[in-house]
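Trainee: Could you walk me through how to read a few features of a model like this one?

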Amino acid sequence: MDKKKKNKVVSYNKWGYVFLLPFIIVYLVFQMIPLFSTIIYSFFEYYDDGLDMVGPTFKGLGNYIKLFANGDLFIYAGNTLIMWILGFIPQIIVSLLLAAWFSNPRMRLKCAGFFKTVIYLPNLIMASAFAMLFFTLFSKGGPVNSILLDLGWIDEAYAFLDHEWSARGLVAFMNFLMWFGNTTILLMAGMMGIDTALFEAAEVDGATSTQVFFRISLPLLRPILVYVLITSLIGGLQMFDVPQILTKGTGNPLMGSRLTTMTLIMNLNRHLSVSKNYGMAGTLSVLLFIITAILSFLVFKISTRKD
Amino acid sequence: MQAYDNRTSKGLGIGVRRIIAYIVLIFLTFLCLFWFYVLFINATRSNANLSKGFTPLPGGNFLENWKNMREGKLPVFNGMLNSFFVASCSAILSTYFSTMTAFAIHAYNFKFKNAIFTFILMIMTIPTQVTALGFIRLVDNMGLMNTFIPLIVPSIAAPVCFFYMKQYMESTLPLAFIEAARIDGSSEFHTFNFIVLPMMKPAIAVQAIFTFVGSWNNYFTPALVLTSDDKKKTLPILIAQLRAADWLKFDMGQVYMLIAFSIFPVIVVYLLLSRFIVQGVALGGVKG
């Protein structure tokens with residue numbers, strides 16, 4: 001009797017494998033195999049010289065040495081990092097402020113639902129269309145210049161997209177707009193989770209709101225802040241749509257000058273679709289994979305620490 | 001209550017802080033909405049009118065711009081249909097199979113269960129771009145370039161969607177339900193389809209929206225897969241083509257109309273479902 005029951009349970013548990021099967025098969029085919037072949041490509045010289053494909057010829061670590069010896073990688077990594085930081089700093093400050101206000105019952109903010117709806121909106125907008133919109137709005141003859149001229153704030157139209165820092169600034173500003181609402185909502189969820197008894201105790205002890213924020217909320221939010229930081233960095237490394245559309249894929253606001261808005265993924269995209277240099281594309285991918293894998297591992301550690 | 005407030009808030013008074021909060025919030029609202037307002041205004045104005053500078057009121061050229069866009073070079077309606085088809089299929093496959101995967105981990109005990117769960121959590125934040133090279137080569141070798149299959153089928157394995165479903169299941173699906181269904185003679189597959197799925201409806205709705213929007217907005221992978229036939233391209237690729245063309249030659253009213261055409265459907269859907277979506281984001285975050 002006992003044995004029969006046990007067999008029955010085991011036979012039910014077989015269904016666990018059946019239900020997992022679709023995920024595993026699709027993951028193996030469309031993620032695992034591509035990952036391995038990407039790694040393999042990274043060791044080969046294999047590119048389109050304009051007429052034919054050259055290679056594939058095994059080069060060992062040749063591509064890696066080439067990638068690091070050629071300084072371009074660091075320029076693209078620097079561009080990506082700069083634009084990410086320029087967007088992330090205002091993003092985290094504004095989000096913390098808003099989350100503190102929204103979750104503070106004494107503020108009793110009216111229309112909180114409306115504001116939350118509005119600040120999350122840009123996150124859902126098609127990044128490529130949003131970038132195209134900014135391109136037209138900030139172009140030399142566009143509405144932003146026209147408004148600034150009418151207000152008398154500038155004397156002549158400014159070509160935002162032709163200058164290094166205004167182009168970078170626009171990319172960062174768009175990233176900020178697209179992500180601060182999301183971060184606010186995540187931080188709010190974290191703040192709601194803090195035991196209200198702590199706030200009450202602080203109030204009894206006569207702490208000011210500023211003290212409560214810096215001495216209680218912020219330290220208790222640290223895990224979620226680290227989570228936001230790392231996931232945002234992973235997102236930042238993937239920066240593509242906005243600078244790609246804004247600069248027409250050139251990563252070059254000043255025609256003929258330095259590539260100041262070319263990001264890592266834009267460079268990968270060039271290797272994949274323009275120059276068809278599969279060897280270097282593989283090398284760059286492996287590098288990005290290693291960095292994101294380390295960052296992902298940190299996220300995993302943070303999110304599972306409590307359990 | 002008021003007296004209590006005044007007594008406890010040293011530093012800035014609560015009233016002053018509330019005013020500052022409103023000013024900042026109104027400024028941020030302006031930053032979020034201004035661009036879409038200008039987009040709406042400009043989509044209703046003619047090219048000649050647009051070149052004269054910005055006006056805060058809409059013009060009367062909306063229908064004309066719409067007609068020009070429809071008859072223009074870029075097959076935008078095809079683009080929208082393609083985007084809609086790919087996004088809908090992805091949303092359906094992703095939510096159905098992620099729920100199934102979550103159910104496998106939630107309801108059964110088997111070897112490697114914990115290892116598989118840990119593995120999925122670890123790969124959750126690894127971006128698809130880093131395997132794009134291998135992916136494109138594979139798709140090419142399978143003869144699937146310029147088809148929608150490589151954009152739809154991979155959404156069956158969606159770690160983020162899976163994780164959300166697993167979290168939701170832990171709080172709403174007691175194993176006793178499944179036991180009860182077994183006693184009533186329901187097969188496991190039947191239990192999943194007719195008992196588990198209906199109970200997961202709220203979570204499925206949230207994730208369906210996110211997957212749909214993610215797929216609708218996706219530019220990187222579709223641009224690598226859909227390369228030859230303009231009629232098979234999705235909206236983000238057409239937008240990029242518009243940018244790549246010499247845009248000064250374009251009728252700007254038409255350009256604004258096309259951008260509005262790509263952005264406004266999502267805004268309308270969002271406004272209808274916003275409460276739902278904002279809650280969903282909060283639930284998806286890590287436990288603090």
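Predicted model: local features only at pLDDT ≥ 70, side-chain atom pairs only at ≥ 80, totals over all residues.

Mentor: Let's start with a pair of helices. As a general idea, two packed helices are described by the angle between their axes and the distance between the axes. Here, take helix α5 (residues 76-107) of chain B and helix α12 (residues 201-217) of chain B: their axes come within 8 Å and cross at roughly 140 degrees.

Trainee: Is α5(B) oblique or parallel to α12(B)?

Mentor: Oblique. An angle over 145 would count as roughly antiparallel, and the crossing angle is roughly 140 degrees, so α5(B) is oblique to α12(B). As for handedness, α5(B) passes α12(B) in a right-handed crossing.

Trainee: Which residues of α5(B) meet α12(B)?

Mentor: Among them are B:Ser83, B:Val86, B:Ala87, B:Ser90, B:Ala91 and B:Ser94, and on the α12(B) side the list includes B:Ile204, B:Ala208, B:Phe212 and B:Trp216. By class, the contact of α5(B) with α12(B) has seven nonpolar residues, 10 polar and no charged.

Trainee: What does B:Ile259 touch?

Mentor: Leaving out residues up to four places away in sequence, B:Ile259 touches A:Ala129, A:Met132 and A:Leu133 in chain A, plus B:Leu39 in chain B.

Trainee: How many residues of each chain are in contact with the other?

Mentor: It's 88 residues of chain A with 81 residues of chain B. Helix α1 (residues 2-41) of chain A gives the most to the chain A side, with 19 residues. That side has 57 nonpolar, 25 polar and six charged residues.

Trainee: Last one: how do I read backbone phi?

Mentor: Most residues other than glycine have a negative phi, and most peptide bonds are trans.

Trainee: Where do A:Cys111 and A:Lys276 lie?

Mentor: Both in loops of chain A: A:Cys111 between α3 (72-103) and α4 (112-124), A:Lys276 between α12 (264-274) and α13 (278-304).

Trainee: Why does A:Lys276 count as partly exposed?

Mentor: Because A:Lys276 has 15 C-beta neighbours inside 10 Å, and buried would take 20 or more. A:Cys111 is partly exposed too, with 13 other C-beta atoms within 10 Å.

Note on methods: Residues numbered from 1 in each chain as written. Chains lettered and ligands numbered in written order. Contact = placed C-beta atoms within 7 Å. Axes fitted to C-alpha atoms, helices over the stretch in contact; angles between N-to-C directions. Helix = DSSP H or I, 4+ residues; strand = E, 2+ residues; numbered from the N terminus. Parallel < 35°, antiparallel > 145°, perpendicular 65-115°, else oblique. Left-handed = near helix turned anticlockwise from the far one by under 90°. Nonpolar A, V, L, I, M, F, W, Y, C, P; charged D, E, K, R; others polar. Buried ≥ 20, exposed ≤ 12 C-beta atoms within 10 Å, placed from the backbone.
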